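Good morning, colleagues. Please look at the structure as I go.

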Amino acid sequence: MTDLGALLDGLPAWSTDPDAVARAGIDRSGAIPDGLPSAVVYATGTDDVVRTVSFAAEHGIPVVPRGAGSGVSGGALAGTGAIVLDLSRLNRILEIRPDDAVAVVQPGVITADLDAAAAEHGLRYAPDPASAAFSTIGGNIATNAGGLRCVKYGVTRDAVLALDVVTGDGRLLRTGRTTLKGVTGYDLTSLLVGSEGTLGVVVGATVKLLPVPRATATATAYFPDARTAVEAVTRLRRTGLRPSTLEFLDHATLAAIDAARGGDLAARGRAFLLVQTDGYGAEEEMAAVVEVLKTTATLVDTSDDTAAADRLLATRRQALPAIERLGRVLIEDVVVPTTRLADAVDGIERIVRATGVRIFTFAHAGDGNLHPIVLVEDDGPPVGEAVDALFALALELGGTLTGEHGVGLLKRDWLAAELGDVSLDLQRRLKSVFDPAGVLNPGKAITER
């Protein structure tokens, strides 16, 4: 503790209180670390981060970067002896340049706060994770978060132009550029986005902003079964229509939302699609969307009213909190080719029947990103078989283990099955280049040898 005291005495904000470090050592995954961290450092500036990482590298102490702790893959779990590096106090929007359509922010900025600040200039931050109200930009960068608008506007990586990062040996690295295009050198920015705090600690980011759409139109559609709903998604894509939001909820999820807030969503159909179009042609495009949906939907409603659209989006955002009311959950995140989305939904239903485990499925259907939410019941069947079957299903259908939540701690055992030995070896070597002492979020994302 003497060595750690030498670090903490030179920092403005930290704690070794057992309750504080216990809170700092967990995230939304529900997983439990192997013990308590030694300390939590509340960074108040870049110098605090440089000092902490440099000290940790010198003494071989694990450092776990943390934003809001909203991650669901165990990426922010911190166990015995670790230092938690809390970046939530680095929460300033340093600059918005409307004519360049960029913002410069610190990592602790709440995603929705950046979007609201951009809106004052007629702009918006396009990535829109369901956790936007409480997740941070730094956390979004760590996991390459997606969200409801990613089908049209892309994920976090598509919005990040430049990063300020502290590498694992305490050096301050600037990557990328503030121009909208450029190919000088390797694309280290894209490499760092989604690296889950294993290559560097983000202390600043320059991100793209987009104009707020001139108009938005929204539709909801109910279907007799899940396969019919996701087949409608394929037909929409085949027509060349490009909704900004295209979300799927299964019957179990609709029932959970009804139980949480009251309502009759589950009585209207066995599956649900939420579709938004935006831009100058929003209403015209929505009319074409409705023509596709109504061929198989049992009910289609439309609205071009902003308040009504917000209520419909809130229905989708309430899906996970509604399911979490039922007990502990494992929040899974797999992606399949969009043409295999119906097969994936069928496969999940087979897993439910075979294992008896309750699974609630919603999805960013427009890009094939499914979130099967596995309910862990004290008196229910073990969930391990069902979770393994979900991962195997995704890979069997030509998909991937994670689209936006990251590998974290919970999916490491499956990495080799997707990446293969050559890729995994190269990625481990990259880790050692950025983090020679191996102190940045060790044991997360890329498995150790």
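This is a predicted model: local features need pLDDT of at least 70, side-chain atom pairs count only at pLDDT 80 or more; totals for chains, interfaces and linings use all residues.

How much space lies in the second largest cavity? The volume there is about 50 Å³. Residues are numbered from 1 along each chain as its sequence is written, and side-chain values use heavy atoms, with hydrogens and water left out.

The terms are as follows. On a 1 Å grid over the protein atoms alone, a cavity is a set of points where a 1.4 Å probe fits but cannot get out; a pocket is an open set with protein on both sides within 12 Å along at least five of seven lines; and lining residues have an atom within 4 Å of a point. Grid points are joined across faces, edges and corners, and a volume is the space filled by probe spheres set on the points.

The second largest cavity is lined by Val334, Val336, Ala344, Ile348, Leu370, Pro372, Leu390, Leu393 and Ala394. Two or more of these residues come from each of α15 (341–355), β19 (369–376) and α16 (384–396), and α16 gives the most, with 3 residues. Helices (H or I, at least four residues) and strands (E, at least two) are DSSP runs, numbered from the N terminus. By class, this lining has 9 nonpolar residues, no polar and no charged.

The whole structure holds 2 cavities of 30 Å³ or more. The largest cavity also has a volume of about 50 Å³, and its lining has 4 nonpolar, 3 polar and 3 charged residues. Among those lining residues are Glu332, Asp333 and Lys411.

I turn to the open space. The largest pocket has a volume of about 890 Å³. Of its 49 lining residues, Ser70, Gly71, Gly139, Asn140 and Thr143 lie nearest the centre. The helix α5 (137–143) gives the most to this lining, with 5 residues.

Finally, the backbone. Most residues other than glycine have a negative phi. Glutamate 196, however, has a positive phi of about 60°; its place is in the loop between α8 (188–192) and β10 (200–208). Alanine 445 has a positive phi of about 65° and is found in the segment after α18 (421–434). Alanine 445 is buried at 7%.

Note on methods
Ala, Val, Leu, Ile, Met, Phe, Trp, Tyr, Cys and Pro count as nonpolar, Asp, Glu, Lys and Arg as charged, and the others, Gly among them, as polar. Buried means under 20% relative accessible area, exposed over 50%, partly exposed in between (1.4 Å probe, protein chains only).
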